Amino acid sequence: MAETEERYEDSKLYRIRHSAAHIMAQAVLEKFPEGKVAIGPAIEDGFYYDFDLPRPLSMEDLENIEKRMRAIIQSKVDFVCKEVSAEEAKKIFHDQPFKLELIAGLEEGNVDEDGNPISEKPKITLYSQGGFVDLCRGPHVANSAEINPQAIKLLSVAGAYWRGDEKRPMLQRIYGTAWNNPEELKDYLWRMEEAKKRDHRKLGQELDLFSVVDEIGAGLILWHPKGGKIRKIIENFWSEEHEANGYEFVYTPHIGKSKLWETSGHLGYYKENMYSPLDIEGQQYYLKPMNCPFHIHIYKNSIRSYREFPIRYAEEGTVYRYERSGVLHGLMRVRGFTQDDAHHFCRPDQMPDEIDFVLNFSLHILRSFGFSDIQAYLSTKPEKSVGDAEQWRAAEIALEDSLKRAKVSYKIDQGGGAFYGPKIDLKVNDAIGREWQLTTIQFDFTLPERFDLTFIGEDGQPHRPYMVHRALLGSMERFFGVLIEHYAGAFPVWLSPVQAALIPIADRHIDYAKQVAAKLRQSKLRVMVDDRSERMNAKIRDAQNQKIPYMLVIGDKEVENDQVALRLRNGENIGPIPLSAFIERANEDIQQKI
RNA sequence: GCCGACGUAGCUCAAUCGGCAGAGCAACCGCCUUGUAAGUGGUAGGUUAUGGGUUCGAUUCCCAUCGUCGGCUCCA
């Protein structure tokens with residue numbers, strides 16, 4: 001981000017949105033005088049306001065509120081700021097319990113009016129417009145005339161806990177958006193539409209990639225043949241790259257005895273995410289939520305020498321985690337998924353090199369899948385953690401140095417580490433600018449201790465190895481979801497489940513089409529012959545909707561000249577070319593991963 | 001899990017006030033033999049998510065369960 005760029009909080013748009021939130025609160029309170037208001041900030045792309053109201057709001061309510069907002073805006077009301085004492089504020093908000101709680105917080109000087117912790121004791125300021133007064137730090141527009149009434153829109157109403165705490169009351173949150181002018185609003189709504197179009201759940205159905213069905217269970221994914229083909233391609237690429245980079249492949253079971261999870265600490269720290277145990281001959285077995293304990297036991301199975309290091313065990317390990325029903329989301333958040341997991345073991349002094357390696361390897365793989373915009377996050381020691389502070393600091397420095405060497409832009413997530421060690425997360429920006437977390441590289445100070453891992457050093461004495469967990473794509477499910485949305489289903493040729501559709505114009509061209517298909521398959525291309533008794537136009541339409549990269553139309557001319565007429569999925573009609581020319585072109589695209 | 005909206009054919013969606021459950025696409029059987037985004041006729045397809053209740057009668061009203069969606073929370 002360029003330093004010269006204006007901070008969002010200082011922008012006019014921020015003031016417009018924040019002011020729109022207040023105007024919305026005014027409109028809502030006019031409709032529900034007994035309603036209680038909570039907080040209403042500007043957020044990315046819009047604003048919201050939380051209310052405690054006597055009944056649930058409907059879409060019609062939203063339309064009415066929006067209409068009233070426009071009227072208020074057009075009445076050109078001033079936004080007036082006034083500083084008051086806590087006592088005055090309490091008097092004004094005597095019937096607004098949420099505001100009173102915020103005032104109490106301000107008095108104590110530890111949270112601002114949005115409930116966020118702050119260091120300096122703030123002044124209490126009020127902003128009023130029309131008849132509506134709100135506890136607010138501002139800033140706002142000076143007059144509602146600065147807001148374009150045709151550039152606001154209320155979007156949705158949803159539940160939200162007071163102060164984000166699930167033990168506190170559930171409020172109704174109205175989301176809205178506001179822009180400088182109607183064109184910007186239109187543009188924003190178009191972007192929303194675009195995001196909807198590339199929703200992986202919708203495309204998963206339309207392209208026949210995967211499904212989730214009631215009868216099997218929520219958050220459990222069925223990979224259909226086309227989705228499976230893509231996964232297989234990803235896995236093959238993944239395997240080759242790992243093999244070429246010193247990883248060894250391991251396979252481990254899906255369940256393990258309770259003792260294992262006690263030793264690993266999962267039953268202590270992670271139990272709420274694990275499924276109930278299975279009883280087998282009086283022993284309790286748990287479905288694995290992680291692969292680490294298994295990889296560790298492979299390490300432990302023999303005495304290790306420092307000469308073996310670094311050891312890199314990789315596995316496409318399928319794990320099961322209990323996720324609350326409300327958080328499940330397509331492929332992005334599921335209950336059973338396959339991590340592209342790996343564990344690295346090495347001497348402490350090898351760790352910087354090992355981090356360099358895994359970071360660069362990760363960046364290389366992500367870029368291979370077309371993600372060029374990558375942002376790293378370094379998460380440091382949280383309050384609750386194991387290992388001494390010095391150890392943490394050293395590891396954090398090692399990670400940060402590695403980020404610098406890799407020349408990847410990074411941010412620090414203070415206190416965001418796991419309890420067992422600091423980590424680097426890699427997030428990618430997709431084609432429409434949304435950020436997705438994929439890679440996680442995590443130090444572990446606890447498992448080598450818990451499992452008493454050792455290696456024999458040069459001095460002939462046992463030492464404790466360092467251990468790093470790493471999931472590169474994250475999980476196959478999530479990664480697939482991100483790929484679908486990134487490419488809007490139009491996968492690059494090397495990943496496309498069907499790379500070319502052969503389209504014979506009339507039945508008499510089918511034989512030739514099948515011969516061509518056989519030749520293409522020999523060249524390792526994935527093709528299908530559309531031999532339905534349909535018009536060519538319908539076949540093109542279907543291939544186009546399936547986002548197949550190449551369409552090869554075959555009619556009398558092509559049969560006669562031993563050619564194929566190439567059409568691309570972007571609509572471009574290349575026309576007749578020799579089959580060899582097409583194979584060359586396809587292989588080149590595959591090579592370039594486009 | 002919580003708040004709200006939902007759940008009808010493989011898919012996308014209709015069905016007035018509680019009164020015979022319907023269309024397009026897809027599938028199947030034909031006809032057409034096609035030159036760059038939907039040719040055409042027909043056939044079949046349903047325990048209206050599941051279980052209970054109210055009612056002469058329930059897709060419709062009520063309750064529970066499961067699931068989906070938008071959020072919240074969570075995300076070792």
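Helices (H or I, at least four residues) and strands (E, at least two) are taken here as DSSP runs, numbered from the N terminus. The structure is a predicted model, so to speak of local features a pLDDT of at least 70 is needed, side-chain atom pairs count only at pLDDT 80 or more, and totals for chains, interfaces and linings use all residues. Residues are numbered from 1 along each chain as its sequence is written, with chains lettered from A and ligands numbered from 1 in the order in which they are written.

Two loop residues come up first. Asp-452 sits in the loop between α13 (447–450) and β21 (455–456), and its phi is positive, about 50 degrees, although it is not a glycine. Asp-452 is exposed, with 10 other C-beta atoms within 10 Å; by the cut-offs used, a residue is buried with 20 or more other C-beta atoms within 10 Å of its own, exposed with 12 or fewer, and partly exposed in between, the C-beta atoms being placed from the backbone. Lys-76, in the loop between α2 and β4 (80–84), likewise has a positive phi, near 55 degrees, and is not a glycine. Lys-76 counts as exposed, with 10 C-beta neighbours inside 10 Å. Most residues other than glycine have a negative phi, and most peptide bonds are trans. The bond from Phe-309 to Pro-310 is cis, with omega near -5 degrees, and Pro-310 belongs to the loop between α10 (292–300) and β15 (311–320).

On to the helices. α1 (residues 12–31) and α2 (residues 59–74) pack with their axes 9 Å apart, at an angle of about 120 degrees (axes are lines fitted to C-alpha atoms, for helices over the stretch in contact, and angles run from 0 to 180 degrees between N-to-C directions). That makes α1 oblique to α2, where under 35 degrees is roughly parallel, over 145 roughly antiparallel, 65 to 115 roughly perpendicular and the rest oblique. Contact means C-beta atoms, placed from the backbone, within 7 Å. Among the α1 residues that meet α2 are Ile-23, Met-24 and Val-28, while the α2 side includes Ile-65, Met-69 and Ile-72.

Next come the sheets, in which two strands pair if DSSP finds at least two bridges between them. One open sheet has three strands in the order β12-β14-β13, with antiparallel pairing. Its edges are β12 (255–257) and β13 (278–280), each with a single partner strand, so one side of each is left without a neighbour in the sheet. Three bridges join β12 to β14 (residues 283–287), and Lys-257 stands opposite Tyr-285 in β14.

Another open sheet has five strands, ordered β25-β24-β26-β27-β28, and its pairing is mixed. Here β25 (527–529) and β28 (573–578) are the edge strands, each with a single partner. Neighbouring strands of this sheet are turned by 25 degrees against each other on average, direction ignored. Strands β24 (residues 500–504) and β26 (residues 550–554) run parallel and are joined by five bridges; Pro-504 stands opposite Ile-554 in β26. Helix α16 (residues 536–545) lies across β24, β26 and β27 (563–568), running at about 170 degrees to β24. Helix α18 (residues 579–591) also packs on the sheet, touching β26, β27 and β28.

Technical notes. Two residues are in contact if their C-beta atoms, placed from the backbone, lie within 7 Å.
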